[in-house]
There are 2 protein chains.
Amino acid sequence: MRLIQSAQNMARIAIADGMAPAAIELLENAGHEVVNEPISSDELLKGALSDFDAIVVRSATKLPAEVIAATSDRLKVIGRAGVGVDNIDIKAAAKAGIPVVNAPRASTQSVIELTIGHLLASLRHLPRANRGLREGKWQKKTMGGTELSGKTLGLIGFGRIAQGVGAIAQAMGMEVHAFDPYLPVKIAKSQNTKMHKTVDTLFKNCTHISIHCNLTDETHHLVNGERMAMMPGRSRDGINCGNHIVNCARGGIIDEIALLHSLENGIISSAALDVFEFEPIDPDYVLLQHDNFHGTPHIGAATLEAQSRVGKDIANAIMTVLNGDKCETTVNRDLL
Amino acid sequence: MRLIQSAQNMARIAIADGMAPAAIELLENAGHEVVNEPISSDELLKGALSDFDAIVVRSATKLPAEVIAATSDRLKVIGRAGVGVDNIDIKAAAKAGIPVVNAPRASTQSVIELTIGHLLASLRHLPRANRGLREGKWQKKTMGGTELSGKTLGLIGFGRIAQGVGAIAQAMGMEVHAFDPYLPVKIAKSQNTKMHKTVDTLFKNCTHISIHCNLTDETHHLVNGERMAMMPGRSRDGINCGNHIVNCARGGIIDEIALLHSLENGIISSAALDVFEFEPIDPDYVLLQHDNFHGTPHIGAATLEAQSRVGKDIANAIMTVLNGDKCETTVNRDLL
C-alpha cells in the first residue's frame, strides 16, 4: 500500500542552483525524483519546467514573468533556497496560482554571530592589529580599545536577528535599545529592550548601532550624516568610547559617502560592513582602505550550518505545498 | 577635626609609571600627596623611596631586592597597577614587611570580550576577509565559515575570565566544558559547565579550545601537537567545523611550533593568539603569515575601562593597607 501511495504522490523536482546533499536526500527519501542540474534561460523560456512539479533556485537562476508563462499547470511550487526573491516574479507566479516559498530563518544564527564578531572586531581593532603583526610590527600602544559592557546598543529593526544580537549583547553587559515601527509591542517588552518611537532618539542614545532591517524606500540611506552626528560618543558610564556602526543586513541602508566623511572627521570611530550599496565592491573603493573600517564580502549566511538549514527548510516547504498544505514561508501569499 | 585627622593620615605616594587621572584624584581627594613622575633605577638604588609611604608601578619600573633594601621604614606598601608582579621582588618586600598589592580583576571583562571576538573572528575569517577587500577582491565563495552555536567549547582553566567567556558562549548556544584542577567543585556546578578530570578528555571532546590559566611549569606547552591531534574536528550536531584554538592568557602555554605544524596539516583549522611565547614577536615569525592564523599584540587589558579600573582598584588597595587593614589582593601575603 505504502509504495503505491508514494508513487501516486511522487513529484519531479528541479534543483537549478544546487542544494545541500542532505536536503536532496530528504526529498528522495520521501519518494520524489530530483533533477539536480542547471537550466539555462533559453531552456526555461522554451518550457523546460513543464515536466516538473517544483523548482528550487538560489539567486543565479532568474524566473521572470515570461518563464512563469512558459510553465505548464504541472508546476505547483517555486522554492527559493535563501531569503531574497528579487530573481523571481512573485506577482506573475501568484497570477499563475504558484506559491513561492523561501527559507527566511535558516541564516538567523549565522548573521547574529557575524554581527557580534564585527562589533568586537571593531572595538578591539582585530583586523588592523593583525595587519600590524603580519607586517612585523608590535603595535600594542596604538591598539587601545573599549569594552562593550556598560555601553548602549541601538538596533535598527528588531526582528529575529536583532533579538538574537540583543540577547548576546545583554549577556555581555550592554543595554539594548531598538527602533522598529512594525513590531508588536509585547515582543519588545519581553526582550528587556528599550523601544524608541523615532530612529533619531535611537541615534541620540546609542554609541553602538547595528542594522537589522530590510532595504526599502523607507530605509534607503536611513543612516545618514545628520543621524551619525547625533550619536553621543560617550557612554552612560562616562567612557569616551566613540561611536560605532555595524551593518550585516543590506547595503544601501547606510549612506556610505556620509559614513566615510564621518570616519574621516572622527564622528564615527569604527564601521564594520558585511553588505555594501554596490556589490561586488569596486576594487578602488576608498572606504575599504580607512584604518577604522573593516568589512567582509556579504558572508552573513555563508556557514555550513546556514546552508544545510536552508536546504532542509526549503525541501520541507516544497513538500508542504506538494502535500496540499499551506506553507508559512510563502512570500506571495497575499497575491495568490 | 576632619582636616586635622586627614593631615595626620596623609601619605606621600609615588606613581612611577603613570596612572589614570581618576585614580590619582581618588588618592588626592582622600588627602594624600601624589608625586606622579618616573624614578630611575639609579635614584631608586640611592633611596629615592625613603620619603614615600607607598609606590605604584606598572611593568616599566623594576623593584628588585637591592631597591627594596634601599627603602626606609616609611614605605608601607607597593602597588602593581595590573596583574603580573615579575618586576617586583615580592619575597624581599615581604622580608622587609612590605605588602605588594595588585589589581587582578580590573581587566577581566576586557579579556572575556577579546576572547569572544577572537573566536568569532577566526570562525568567520574576519581578518582574512577584510584583507581581501582591501586588496580589491570580493572573495565571498572562499569565506564560508561555521557557527559557534551547537559546538563544544573547552576552557583550560576556569577562573573569573573563563567563567565569563563560558556564560557568553552559552548565550550563543555553545556547550561549555572546562578543565581546572584547582577549582572548587561547587563553582563548576553552578556554571552549567562539564568539568573534566584530565586535560586530554577536554581535547577529545571539544572542537573549540580557549586558554585561561596561568603560565607555570605545569602549563608550559600544555597545548602540544599530541593534544591538538585529539580534537574531534566534527561537532556533536554533525557539522565538520574543524578545530579551533584561542589564547588570550599567557604565551608559552601553547607549543607554537606544533601549532604551526597543525595549521599546515589541517588538524587545526584556525588559531587566534593575543599572547606569544616570545614578545614582542620576531617580525619574520612564519606563524603570523599563515592564512588561518590571526593575532593581536597582547591587548587583553588594553581598554579604557580596564585601565581606569586598574587605577581605582590599586588606589583603593593602597589606601586599605595605609589604613592598617588587610588587602585581599596582597600577592605576598603568605610570605609576610
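Hi everyone. Let me start with a term we will need: a crossing of two helices is called left-handed if the near helix is turned anticlockwise from the far one by less than a right angle, and right-handed if it is turned clockwise. Keep that in mind, and I will come back to it in a moment. One more thing before we go on: what we are looking at is a predicted model.

Let's get our bearings with chain A. Chain A has 13 helices and 12 strands. If you follow the C-alpha trace of chain A along its principal axes, it spans about 70 × 50 × 35 Å. Chain A has 336 residues, and 51% of them count as buried. Now think about which parts of the chain touch which. Taking the contacts in chain A with a separation of 6 or more, 66% are between residues 24 or more positions apart.

Now to where the two chains meet. How many residues of chain A are in contact with chain B? There are 50, and they touch 50 residues of chain B. On the chain A side, the elements that give two or more residues are α6, α7 (126–134), α8 (160–171), β12 (293–295) and α13 (304–322). The largest share of that side comes from α6(A), with 8 residues. Sorted by class, the chain A side has 24 nonpolar, 19 polar and 7 charged residues.

So let's zoom in on α6. A quick reminder: two packed helices are described by the angle between their axes and the distance between the axes. Helix α6 of chain A, residues 108–123, packs on helix α6 of chain B, residues 108–123, at an angle of about 125 degrees, and the axes are 8 Å apart. That angle makes α6(A) oblique to α6(B). And here is our opening term: the crossing of α6(A) and α6(B) is left-handed. Which residues make this contact? From α6(A) we have A:Glu113, A:Ile116, A:Gly117, A:Leu120 and A:Ala121, and from α6(B) we have B:Glu113, B:Ile116, B:Gly117, B:Leu120 and B:Ala121. By class, the residues of this contact are 6 nonpolar, 2 polar and 2 charged.

For another helix pair, come over to chain B. Helix α2 (residues 21–29) and helix α13 (residues 304–322) of chain B have axes that come within 7 Å and cross at roughly 20 degrees. Angles under 35 degrees count as roughly parallel, and α2(B) and α13(B) are therefore roughly parallel to each other. Their crossing is right-handed. On the α2(B) side you will find B:Ala22, B:Ala23, B:Leu26 and B:Leu27, and these meet B:Ser308, B:Gly311, B:Lys312, B:Ile314 and B:Ala315 in α13(B). That contact divides into 6 nonpolar residues, 2 polar and 1 charged.

Next, the strands. While we are in chain B, please find the open sheet of 7 strands, with parallel pairing and the order β8-β7-β6-β9-β10-β11-β12.

Strand β9(A) pairs in the parallel sense with β6(A), residues 152–156, over 4 bridges, and A:Leu155 stands opposite A:Ser210. Strand β10(A), residues 244–247, also runs parallel to β9(A) and is joined to it by 4 bridges; here A:Ile209 stands opposite A:Ile245.

I will finish with some backbone details. The peptide bond from A:Glu279 to A:Pro280 is cis, with omega near -10 degrees, and A:Pro280 sits in the loop between β11 (270–273) and β12 of chain A. In chain B, the bond from B:Glu279 to B:Pro280 is cis as well, with omega near -10 degrees. Then there is A:His298, in the loop between β12 and α13 of chain A. Its phi is near 55 degrees, a positive value in a residue other than glycine. Is A:His298 buried or exposed? A:His298 counts as buried, because it has 20 C-beta neighbours inside 10 Å.

Conventions
Residues are numbered from 1 along each chain as its sequence is written. Chains are lettered from A and ligands numbered from 1 in the order in which they are written. This is a predicted model: local features need pLDDT of at least 70, side-chain atom pairs count only at pLDDT 80 or more; totals for chains, interfaces and linings use all residues. A residue is buried if 20 or more other C-beta atoms lie within 10 Å of its own, exposed if 12 or fewer, and partly exposed in between; C-beta atoms are placed from the backbone. Two residues are in contact if their C-beta atoms, placed from the backbone, lie within 7 Å. Two strands pair if DSSP finds at least two bridges between them. Axes are lines fitted to C-alpha atoms, for helices over the stretch in contact, and angles run from 0 to 180 degrees between N-to-C directions. Angles under 35 degrees count as roughly parallel, over 145 as roughly antiparallel, 65 to 115 as roughly perpendicular and the rest as oblique. Ala, Val, Leu, Ile, Met, Phe, Trp, Tyr, Cys and Pro count as nonpolar, Asp, Glu, Lys and Arg as charged, and the others, Gly among them, as polar.
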